[in-house]
Every structure is written in structure tokens, then in C-alpha cells.
Amino acid sequence: MARQEGEPLTGPPRPRAPAPSAPLDYEERGWSAGCRVVVGIDEVGLGPVAGPVVVGAVALHPGQQFEGCTDSKLVPPARREELALRIRAESLAWRVAAASTREIERLNVRAATIVAMRRALDRLPVEADLVLVDGNPVPELGEHRSIVGGDRASHSIACASILAKVTRDRLMRRLDARYPLYGWASNKGYRTRHHMEAIRRHGPTPHHRVTFRGVLQTELDLDREPPP
């Protein structure tokens, strides 16, 4: 029956349209310039107060794209898992590497991320002719092309983002089984209210980045009642 004028709209909300796939423009330029192996790399885990930094590196076959592959934050978890399986099975080459919490503490998070990037590139079974990096330039990597917003602008970087995100989320779920008080299965080590309260109540674990603000108590909380 047709809706009468002035009648409020009812019914379930329309599903949100999926984010468009990241384009291949940067890769196409590289292939056209004679680069056989174009590698996109991206990291996940700079901001959390627990867990490692994880880096993905992906080289695609010329012209290869995976429908719906873009910035991992825009892709639903189930779809990320599906894409990760396809990327591993069908891409020219891929690797995932990490820098541990101890390395983050010893080196600082930026330097530890560069270590993980270098590991991912060095472990690829093919040598990169062109490296595309999400974000700002990383001089320590040598020659490369940096792309701000690269996980939405470069398909190989988007693929690397998917692999890194899926791998890190799985790791945090496994760690959650060992440390269930901190909610890592849902917050993935990020600074949520529940997570920070759990640190205050129970203290940090070996997987917390104790040099990050708020992980170790630096001020006395005089408003709390003392324990019995």
C-alpha cells in the first residue's frame, strides 16, 4: 500500500553500501614503468596500549583486484576474513610480520613499526621493484613511494591492510583467552574505558606497552576508598 503524505517512514534501515574497492592507479603506473613486482605495505596497531604492531606486505599480479578490498577499517570483519583468504591464495606474494611489545618498549613504536616493515619486505619470496607505503615517507626503508591515505588509494596497500588487521585481531583474541579481564577480544588492545579501568584494577600484563600514557599509574588517586 502506498505511503500517505505526511505518514512517517517505517521499516528497517537500509543496509549501508559497501565501501568501494581501492583503485590500482599507483600499481598500474609502476607496471607501465617496467616494475614487475609492486609491493604495498601497511601497518596495524600503532595506537593500542597492548599487543604488537603488525605489518602486511602484498604484491599483486598485474591488473589483479579483489572486489571490496579497501581500508580494513571500512570492511566488516567477516568480509575481511574472506578477503584475507583470497589474498593469501591468489596474490603474487604476501607476508605478515610483527614487532613485539618488548621491541616497541625498547625502540619506540615508530622504530618498531619500521623493523616490522623491513621484516615483511625481507621475507617476501620475490624482490620488490617498487614499494608503496601507506602514510608518510619512511627514509629507513630506502627507495619507496609514500601515499597518505594509501589504504584507500592503492589496492596493494589495501590488501596489506586487510592481512595485517586480520592477523592482529586473531592474535588479540588468542591473548584474550589468557588475559580475559582486559576485553582484548573486543577492544583489540585499544584505549577503551573498560580496558583502562581493567589496567587500573589489575595492573598491566607482559603484553601492555607500559611506556604509553595511562598504562602505569603516575598520579595517586586520593578519591578512591582504600581496599578492605
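Trainee: Before we start, what should I keep in mind about the model and its numbering?

Mentor: Residues are numbered from 1 along each chain as its sequence is written, and side-chain values use heavy atoms, with hydrogens and water left out. The model is predicted, so local features need pLDDT of at least 70 and side-chain atom pairs count only at pLDDT 80 or more, while totals for chains, interfaces and linings use all residues.

Trainee: Let's take a helix. Which residues of helix 8 are buried?

Mentor: Helices here are DSSP runs of H or I with at least four residues, strands are runs of E with at least two, and both are numbered from the N terminus. Buried means under 20% relative accessible area, exposed over 50% and partly exposed in between, with a 1.4 Å probe and protein chains only. An α-helix has 3.6 residues a turn, so residues three or four places apart point the same way. In helix 8 (residues 193-202), His195, Met196, Ala198 and Ile199 are buried. Their arc around the axis is only 155 degrees, which puts them on the same side of helix 8; the arc is taken from the directions from the helix axis to the C-beta atoms. Arg193 and Arg201, on the other side, are exposed. After helix 8 comes Gly203, with a positive phi near 85 degrees.

Trainee: Now a strand. Why is strand 4 described as largely enclosed?

Mentor: Four of the five residues of strand 4 (residues 130-134) are buried, so the rest of the structure largely encloses this strand. For pairing, DSSP must find at least two bridges between two strands. Strand 4 runs parallel to strand 1 (residues 38-44), with four bridges joining them; here Val38 has Leu130 as its bridge partner. Strand 5 (residues 145-147) is also parallel to strand 4, through three bridges, and Leu132 is partnered by Arg145.

Trainee: And which residues of the largest nonpolar core touch the most other members?

Mentor: A nonpolar core is a set of buried Ala, Val, Leu, Ile, Met, Phe, Trp, Tyr and Cys residues joined through side-chain atoms within 4.5 Å. The largest has 33 residues, and Val39, Ile41, Met117, Leu121, Val133 and Leu141 touch the most other members. Helix 4 supplies the largest share, six residues. A second, separate core has 23 residues, including Ala22, Trp31, Phe66 and Ala160.

Trainee: What does Met117 touch?

Mentor: Contact means heavy atoms within 4.5 Å. Leaving out residues up to four places away in sequence, Met117 touches Ile41, Glu43, Val55, Val133, Val138 and Leu141.
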